Amino acid sequence: MRKYLCSLLSVSLLLMSQLGLSQTSGVGLGRNMTDEEINKLMYTVGPKGVELPSGQGTAREGEKIYTQSCIFCHGPEGLNGPQNTLKGSPRLPMPTSLWDYIHRAMPRSLAIVGAQERQLSNDETYALTAYILYINGVIGHDEVMNAESLLKVDIPMEKKPID
Amino acid sequence: MKVKSGSRRRFLKTGAALGLTAGLARPSYGQALHPDVINVTETRARGLLSKFEKSERIRFRQSNNPNATALTPLQDLNGIITPSELHFVVDHENGVLLDINPEDYRLQITGMVDKPLEFTLADLKRMPSVSSINVLTCGSNGSDAFRKGAQTVQQTHGRTSTSEWSGVSFKSLLEEAGVHKDAKWVIAMAADPSDHVSSFPMEKAMDGVTMAAYAQNGESLRIDQGYPVRVVAPGYTGRWLVKWLTQLYVTDDTYVTRQDGFNMTDRMPDGRGYLLASEQSRYFRLETTARSVITFPSGGHQLPGPGYYEIRGLAWTGGIVKRVEISVDGGETWRDAKLQNPVLPYCHTRFRMDWEWDGQERIIQSRCTDEKGYVQPTPDEVASTWGVDSSPECFNIMGEYCNQVPRDTHNSFIMSWKIAANGEVTNPMQELYPDGRPEGLSHYYSGGHAFFEEDDH
């Protein structure tokens, strides 16, 4: 996905500057980044998901990771942990925001559990995203989340009625 | 304030009646000065404060191990500049500060640009520079006013400071890289591993003042202000002003990161859930709204007795302060305070008012009016008018027409201080609001560190 993004960018950049569709001015400082460097960077993931890498996971797989890495802070099934609740009424509509945050910021560094951000693989991130969507009743236990299917997930922002 | 000669004579007469000396009553101090000395045997590389000066930052309440959270001692300060080492810090990093080697530092400009570029710190310092005196405020600033134990203005409002910030404008950096004409947002990403990724509308990014700042009050940033480079976007709430900036990622879409969600979603008043504010960036609540607070007399001060005092405080807004008024009778009547010149946009404005305290119990308040004519509301007024509809007509969610770009009204309510007859100054907010913070206020402060929020039962 990243390679595709990169070549797409390169081609469109060339076309853009040929067609005079961009504004370049300046004093000539800063070093041009190489394609390899651009590829390696972590980018925030947006609602169109162009930054989403390859990989996949289900809630069932995510549950296993959750029990090892997340439960200490977020509690069983996302409730009653010392840190933020993960189950309840949604605050943000985009599943990509969730994937993005888990990927770059979880698990949060805490001396007591030896946690460290950005150690989760892409598969693990998809699996954990799936799990959180699952415990909130948005997707099924075995629904595969990947770069395409995640974009089709709709998180309803209406508060759930209390039984 | 001009004192009429008649009233001055009356005051003198009263003074005489109280057995004080003729002329304006002044205390007498006696004693000649016999100070300690410091022998200077070599150049003192950095000026230090007197050992008699104890003003410092403190932490107030406990959450998420925020050892780096530090509140500015507003009750002790003068003018508008916050000394760099007293600048507030809100810690989202569980007590970890990044200690970046400036040689290793890099800033990347990526995304919808002709030339993705990487800058060293030396490169940034060579670029054309900008400078701006700006206030930074945490969006939650003021929320602790209702909290038990919050006594001083440091504890209630200490998450705001003003510095002169210098650096390279986003505009210079983006022009260097060549931003695409159809790009709409610039996303600032940071080296801190947490939730600090914030989106800037292109108009803001290109305003020529929003900057990658590498200097604070003349020298490099303090470590806890994001050394060596942070974002400073004048008027925007603190959460946007990412520290340890590493990347500007240019996009054509509204990303709504976890960070952004605070000010891009609103809780619906009937409790139905949340709504994402308009796609049009100006309908997101990104700029701070009109705020002010009296810093003297404020909680913890002890007035020595009736007589002359200069009431002082700070006012600020996402635009520019137009007016500050003070009430000494709990909000019944108001008088204009004087504003310290120059009054700068997106900046603390110092206000002052001459006042004769008559020794009676008093509730004192300040309220700010900004350039849009928006008047700082009481807690009840904020509670009743929160919510912004995303329709172009800008009706708020209560169905009331709001003919203005919504700003972040979180906790911008009028603050009260109580002066007791014995001169003790305290925070009366718990007493004035025994049921706690007005409910609507809590709703409007839709801040919650959550993707999914626990349902109330």
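Q: Which residues are buried in α4(B)?
A: In this predicted model, the buried residues of α4(B) are Phe170(B), Ser172(B), Leu173(B), Leu174(B), Glu176(B) and Ala177(B).

Q: How many residues does helix α4 of chain B have, and where does it run?
A: The helix spans residues 170–177 of chain B and has eight residues, six of them buried, which leaves α4 mostly covered.

Q: What follows α4(B)?
A: Gly178(B) comes after the helix, and its phi is positive, near 80 degrees.

Q: Turning to sheets, what is the strand order in the open sheet of chain B?
A: The order is β14-β15-β19-β18, four strands with antiparallel pairing.

Q: Which are the edge strands?
A: They are β14, residues 291–296, and β18, residues 338–339, both of chain B; each pairs on one side only.

Q: How many bridges does β14(B) have with β15?
A: There are five bridges between β14(B) and β15, the latter covering residues 307–316 of chain B, and the pairing is antiparallel.

Q: What is the bridge partner of Val293(B) in β15(B)?
A: Val293(B) is bridged to Leu314(B).

Q: Now chain A: where is Asp35(A) found?
A: Asp35(A) lies in helix α2 of chain A, which comprises residues 35–40.

Q: Why is Asp35(A) classed as partly exposed?
A: Its relative accessible area is 46%, and partly exposed covers the range between buried, under 20%, and exposed, over 50%.

Q: What separates the C-alpha atoms of Asp35(A) and Leu150(A)?
A: They are separated by 27 Å, and the two residues are 115 residues apart along the chain.

Definitions and conventions: Residues numbered from 1 in each chain as written. Chains lettered and ligands numbered in written order. Predicted model: local features only at pLDDT ≥ 70, side-chain atom pairs only at ≥ 80, totals over all residues. Heavy atoms only, no water. Pairing = 2+ DSSP bridges. Helix = DSSP H or I, 4+ residues; strand = E, 2+ residues; numbered from the N terminus. Buried < 20%, exposed > 50% of the residue type's maximum accessible area, 1.4 Å probe, protein only.
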